Every structure is written in structure tokens, then in C-alpha cells.
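Below is a short briefing on the surroundings of two ligands and on model confidence.

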Amino acid sequence: MKRLTIIILACISMLCIATVALAVAPAPKDPVEMKFPADGNKYAPIMFVHHDRHLAVEGSCATCHHKWDGASAVTGCSVEGCHSDVSKENKKNPESYDSAFHSRTAPNSCVNCHTVTLKADPASKAPKKCNDCHTKKNG
Ligand code: HEC
Ligand code: HEC
Ligand code: HEC
């Protein structure tokens, strides 16, 4: 009987550990600084906020963090192998740094999702104009 209790307790604690490991880290509460990963940026970095309306987009985390496996640490958009290409000649590629934020077709670019949001609700506060997002010049 005693042994059975120990086995049951061991199973319960193992389940707890597994649940903790599966629990996904929440989105940062503080604004995340988005900085041009090279020299020659025109504007000051953008502070991205995970506000409730962002977290409520269809698909939530996975829509924006579209390469994330759901378990490991979330990386920034411009890490090597993702949207790291800042060259002018590749600007129009879907993988470019520019496309990540300004693509007019990708459902998860800042500009396109805001455009779709504004179409559905013209009273929306989703920013669409350059200066709405890029409020400050660099320097
Ligand atoms: C919905 C927000 C949003 C809008 C609207 C927007 N951008 Fe951006 N843009 C970003 C984000 C996010 C980045 C990545 C952060 C960075 O590099 O500053 C970025 C980066 C850039 C960069 C590279 C960084 C730099 O400072 O040189 C340029 C250039 C740029 N945007 C130009 C524009 C222009 C021109 C427009 C209007 C046609 C525009 N953006 C509209 C969000 C936006
Ligand atoms: C509307 C788009 C969007 C949604 C939804 C979203 N995020 Fe983010 N998240 C971003 C952007 C943009 C950044 C800044 C990326 C960068 O710095 O290049 C970011 C950054 C992060 C970072 C910091 C990464 C770093 O560079 O250190 C974490 C962690 C994170 N998000 C977790 C989450 C989680 C967890 C969820 C879901 C609960 C979520 N995010 C939902 C867009 C989003
Ligand atoms: C998949 C959809 C989606 C994506 C991608 C997305 N947003 Fe948004 N964004 C929204 C929605 C929805 C709102 C809320 C509009 C409203 O309140 O009327 C919003 C609002 C905002 C606002 C205004 C917040 C305020 O103070 O009211 C900013 C600034 C913003 N987004 C920046 C960004 C930037 C920068 C990116 C890209 C890095 C981005 N968003 C990507 C859907 C998106």
C-alpha cells in the first residue's frame, strides 16, 4: 500500500514538472525595442507593445512569431535565417527585413495587418502611415 502511494505521488510530481515545461512564457509586458540591425537607419527604434489587441489577433503568438515552435525562446524578427536581409536589392523578397514590417500582402506584416484592420473598422487606431509608426528620426 505504501509503495503504491509513493508511485502515485511520483507520477503526480512528474506530471507537474511536465506541465511547467510545457507552459509557454507569456509575452513581455514592457515594450520591446525594435532596432535596425545595421548602420544607416533613418528612424529611431520602434517600441513594440504586446497590448491586448495585439494578443487578440487571429492565431495570436503564432501569427506574428510564425517560425516559433511554441516551446523554445521567442527570437526577434531579424535574427540570422529569418528577416535579416537589409540589402536594397532584396527589399521586395518576402524574407527581407523590409517585408517583415511593410509587406502589403503578408497577413502578419505590421502594415498589411493594420490595413486589413482599418478596412474592417475605419475607426480603428491601427497605424498605417509612415510617421504614425516612425515618430522620430534617427539622431
Ligand atoms: C505599422 C508600423 C509601420 C509603418 C506604418 C511603417 N513602418 Fe517602417 N518599420 C516598422 C518597423 C517595426 C520597422 C523595424 C524597426 C526599425 O528598423 O526601426 C521598420 C523599419 C523601417 C525602415 C528601416 C529602419 C530605418 O530607420 O531606416 C525604414 C527605412 C522604414 N521602416 C520606412 C518606412 C516608410 C517609408 C514607411 C511608409 C511608407 C513605413 N516605414 C511605414 C514599422 C512601420
Ligand atoms: C501582433 C504581433 C505579435 C503577437 C500577436 C505577439 N508578438 Fe511577441 N513580438 C512581436 C514583435 C514585433 C516583437 C519584437 C521582435 C523584434 O524585436 O524583432 C515581439 C517580441 C517578443 C518577445 C521578445 C523576443 C526578444 O527579442 O527578446 C517575446 C518573448 C514575445 N514576443 C513573446 C510573445 C508571446 C508569448 C506571444 C503570445 C502570447 C506574442 N509574443 C504575441 C509581435 C507579436
Ligand atoms: C495580425 C495583425 C497585426 C499585426 C501583424 C500588427 N498589428 Fe499593430 N495593431 C493591430 C490591431 C488589431 C491594433 C488595434 C487597433 C485599434 O485599437 O483600433 C493594432 C494597433 C497598433 C498600434 C496602436 C496602439 C495604440 O496605442 O492604440 C501600434 C503602434 C501598432 N499596432 C504597432 C504595430 C507594429 C510596429 C507592428 C509590427 C512589428 C504591428 N503593430 C503588427 C494588429 C496588428
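**Ligand shells and confidence**

H3 gives the largest share of the shell around ligand 2, namely three residues. This is a predicted model, in which local features need pLDDT of at least 70, side-chain atom pairs count only at pLDDT 80 or more, and totals for chains, interfaces and linings use all residues. Residues are numbered from 1 along each chain as its sequence is written, while chains are lettered from A and ligands numbered from 1 in the order in which they are written.

Ligand 2
- Around ligand 2 there are 22 residues, and Ala27, Cys61, Cys64, Gly76 and Cys77 come nearest (a residue is near if its C-beta atom, placed from the backbone, lies within 6 Å of the molecule).
- Strand E1 (32-34), helix H2 (52-55) and helix H3 (61-64) each give two or more residues to this shell (helices, H or I, at least four residues, and strands, E, at least two, are DSSP runs numbered from the N terminus).
- The shell around ligand 2 holds 14 nonpolar, eight polar and no charged residues (Ala, Val, Leu, Ile, Met, Phe, Trp, Tyr, Cys and Pro count as nonpolar, Asp, Glu, Lys and Arg as charged, the others, Gly among them, as polar).

Ligand 3
- Ligand 3 is surrounded by 18 residues, the closest being Arg53, Val57, Cys110, Cys113 and Ser124.
- Strand E2 (46-48), H2, H3 and helix H5 (110-120) each supply two or more residues to this shell.
- H5 provides the largest share of the shell around ligand 3, four residues.
- The shell around ligand 3 comprises 10 nonpolar, six polar and two charged residues.

Confidence
- The average pLDDT of the chain is 89, and 83% of the residues score at least 70 (pLDDT is the predictor's confidence in each residue, from 0 to 100).
- Residues 15-22 have pLDDT below 50, and this stretch has zero contacts in the model beyond near neighbours in sequence (contact: C-beta atoms, placed from the backbone, within 7 Å).

Note on methods. Contact = placed C-beta atoms within 7 Å.
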